[in-house]
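Visitor: I'm new to this one, could you put it up and walk me through it?
Guide: Gladly, here it is.

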Amino acid sequence: MLATGLALVAAPASAGAQPQRGSAPAQAAPDRAAEPQPFLDVRSAGVAAPARASAAQEALRRSLGVQGVVDVDPLTGTPRVVAKLDGYLTGPSSRDAKDVALEYVRARLGVFELDEDDLAGLRLVRDYVDVHDVRHLHWAQTARGIPAFDNDLRANVAPDGRLINVLGS
């Protein structure tokens, strides 16, 4: 009985097999992967226009080299990811990881579309070290003490104080 069941499962369907009575003929699904899909923001009634990277964001992308990443959010125009796939954003540092990350952002306010008031409004909401001793920092963006919805800044710092990446939007 088991051999019969395996034979039925392993037997290929014949080329001339007819569809079951009452079923529609099989149609190939359209290949949607070949068509570029627009960015969609469910909070708005339409499709978000892709934001172009600012001159400061493009300059940073070039300075990071071929493996540099500056991925700009199409809705906010701010970087979702700043990283180097082949290295770190900064050199080793003995300073606190929070200072390493915020100094990097402060030196590139135009890239992150922030100003000093925005930096002053960041509130550290999560700070932990994983099993690899990487420090993960997460700041909420606030305005007059009120947390902004879905706007944050995250940074990951290696044990030797090198900045791995900055995430946000």
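Visitor: Which residues of the largest nonpolar core touch the most other members?
Guide: They are Val82, Tyr104, Phe112, Leu163 and Val166, out of 24 residues in that core, where a nonpolar core is a set of buried Ala, Val, Leu, Ile, Met, Phe, Trp, Tyr and Cys residues joined through side-chain atoms within 4.5 Å, and buried means under 20% relative accessible area, exposed over 50% and partly exposed in between, with a 1.4 Å probe and protein chains only. This is a predicted model, in which local features need pLDDT of at least 70 and side-chain atom pairs count only at pLDDT 80 or more, while totals for chains, interfaces and linings use all residues. Residues are numbered from 1 along each chain as its sequence is written, and side-chain values use heavy atoms, with hydrogens and water left out.

Visitor: And which element gives the most to this core?
Guide: Helix 3 does, with five residues; helices (H or I, at least four residues) and strands (E, at least two) are DSSP runs numbered from the N terminus.

Visitor: What does phenylalanine 112 touch?
Guide: Leaving aside residues up to four places away in sequence, phenylalanine 112 touches Thr78, Pro79, Val82, Tyr104, Val105 and Val166, contact meaning heavy atoms within 4.5 Å.

Visitor: Switching to the sheet, what is the order of the strands?
Guide: Six strands form an open sheet in the order 1-2-6-5-4-3, with antiparallel pairing, and two strands pair if DSSP finds at least two bridges between them. The edge strands, each pairing on one side only, are strand 1 and strand 3 (122-129).

Visitor: How many bridges join strand 5 and strand 6?
Guide: Strand 5 and strand 6 pair over five bridges in the antiparallel sense, and alanine 155 stands opposite valine 166 in strand 6.

Visitor: Is arginine 135 buried or exposed?
Guide: Arginine 135, which lies in strand 4, counts as buried because its relative accessible area is 18%. Its side chain makes a polar contact with the side chain of aspartate 127 (2.7 Å), a polar contact being a pair of N or O atoms within 3.5 Å, where within protein one must be able to donate a hydrogen and the other to accept it, and residues adjacent in sequence count only if both atoms are side-chain atoms.

Visitor: And where does arginine 144 lie?
Guide: Arginine 144 lies in the loop between strand 4 (135-143) and strand 5 (146-157), and it is classed as exposed because its relative accessible area is 87%.
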